[in-house]
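Let's take a quick tour of a protein model, looking at its nonpolar cores and its salt bridges. Have the structure open while you read.

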Amino acid sequence: MSQLSARDLGLFGLVAVLILGTGIFQGVNTALVLLNMGLVSAIMSLGVNLQWGFAGLFNIGVMGFVALGGLAAVLIGMPPTTEAIAAGGGGMAIAMTLGAATIVAAIVAYRHLAAGLTRNLAVLGIVVVGFLVYRTFFDPARDAIEAVNPAGTGYLGGFGLEGAGMILAWPAGGLIAAGAAWVIGKTALGLRSDYLAIATLGIAEIIIAILKAEDWLSRGVKNVVGIPRPVSYEVDLQADPAFAERADAFGLDIVAASTLQVRLEWTILFTIVLVLILVLAQLALNSPWGRMMRAIRDNETAAEAMGKDVTARHLQIFVLGSAILGMAGAMMTTLDSQLTPSAYQPLRFTFLIWVMVIVGGSGNNFGAVLGGFIIWFLWVQVEVGAAFIMEVITAPLPDGSALETHLLAGAPHMRLLTMGLVLLLMLRFFPRGLIPER
């Protein structure tokens, strides 16, 4: 906190006032919903800031890592589909093992054979034969799994953890995203920054396409609903006589009281995670490792001349930042209690997160957190404000007129206009963000 000036504290105070104002004018429930997603957005912003602010890695595949975190929530929380496992689980396990063995064999052959045509043909042969054998087991296993009650399940399911155990989905999301980032980083981090951006964008789209297409894994576009959550359920609270007594003592309707308690439980859990990641990010920033990363970011050539392994250091921070994004994705999916692959859009899960980092201040963890809250607040409230403004503007027009309909229908699009305007103004007047790097 000593790195925060009075101005910085004032900006965080402004965010608190905005959320309090939302509670006063739009209801406490709305304010808590906004706050909870603001906390998740701040965590995503910290992940991008770790990659871009610390190391200058231009990752515009944020959406893919967030989606992988969402998949982790399904794998941890949903009950196993025993019929599907019996029908095709064994074949799928063999196919995955063969696929992994093919990759390992290709790598071993590449490393141990002398460079030349013989090595190229050997690696190609291993990959082609391995792929054909893999598909021999994969295709029938997939068909068998997806044929089991496709309207209700049609996938393998997960481990079936419930209650507090669902918190394990968050680090699991981080681990899955970190594993994917390691594979991506081993091949893409040697590229120039613009090529890296294109590669990560394409890989993110591939991840979403897999989630949509592989029903046996994630139910695809049929979505997974009813994912367990680590907080209380409203119906359980309403059935508890002790809770009803406490709600009555505070003069609250039991339905409203149960909703408030659940929202507050989410707030507490998300706040703990955000504070933990923020403290770790600050320790990393001020450590010799953090100073080395920023030195590499500022002058890679000089760092390499001093003996630093730039690619290895980039891989470290790429994996760490992606893990944070995956964890945030798992948190968001447990909050929503559903995985909807088609809902992952670059505008929401990549562009908006980047705007948060730029507005808050890249290279400054507190700036990333501030940007997460401010931009999420604007993203939510601009639509409400735009609808109100359009209603005022169209009030003199005849009811049902084409112009009135057009203007009212255009209100939601004010979000994009506002985000673009905010970004332009920030880059013009505060190019280093509201809380710049120090």
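A residue counts as buried when its relative accessible area is under 20%, and as exposed when that value is over 50%. Keep in mind that this is a predicted model. With those cut-offs, D8 is buried because its relative accessibility is 0%, while R438 is exposed because its value is 54%.

**Nonpolar cores**
- The largest nonpolar core has 108 residues, and M44, W170 and Y344 are the ones that touch the most other members.
- Helix α2, which covers residues 28–55, is the top contributor to this core, giving 15 residues.
- If you skip residues up to four places away in sequence, M44 touches V66, L325, A328, M332, F349 and I353.
- Another core sits apart from that one; it has 10 residues, including A84, A141, L156 and W216.

- Searching the whole structure turns up 11 salt bridges.
- One of them pairs D8 with R438, and their closest N and O atoms are 2.9 Å apart.
- D8 belongs to helix α1 (residues 6–26) and R438 to the segment after α18 (414–429), so 430 residues separate these partners.
- R297 and E437 also form a salt bridge, at 3.0 Å from N to O.
- R297 is in helix α12 (residues 288–298) and E437 is in the segment after α18, so this pair ties together parts 140 residues apart in sequence.
- R297 itself is partly exposed, at 23% relative accessible area.

**Other salt bridges**
- E234 and R229 meet through their side chains at 2.6 Å, N to O, and both residues are buried.
- R135, D139, R142 and D143 join up in a salt-bridge network.

Key. Residues numbered from 1 in each chain as written. Predicted model: local features only at pLDDT ≥ 70, side-chain atom pairs only at ≥ 80, totals over all residues. Heavy atoms only, no water. Core = buried A, V, L, I, M, F, W, Y, C linked by side-chain atoms within 4.5 Å. Buried < 20%, exposed > 50% of the residue type's maximum accessible area, 1.4 Å probe, protein only. Helix = DSSP H or I, 4+ residues; strand = E, 2+ residues; numbered from the N terminus. Contact = heavy atoms within 4.5 Å. Salt bridge = Lys/Arg side-chain N within 4 Å of Asp/Glu carboxyl O.
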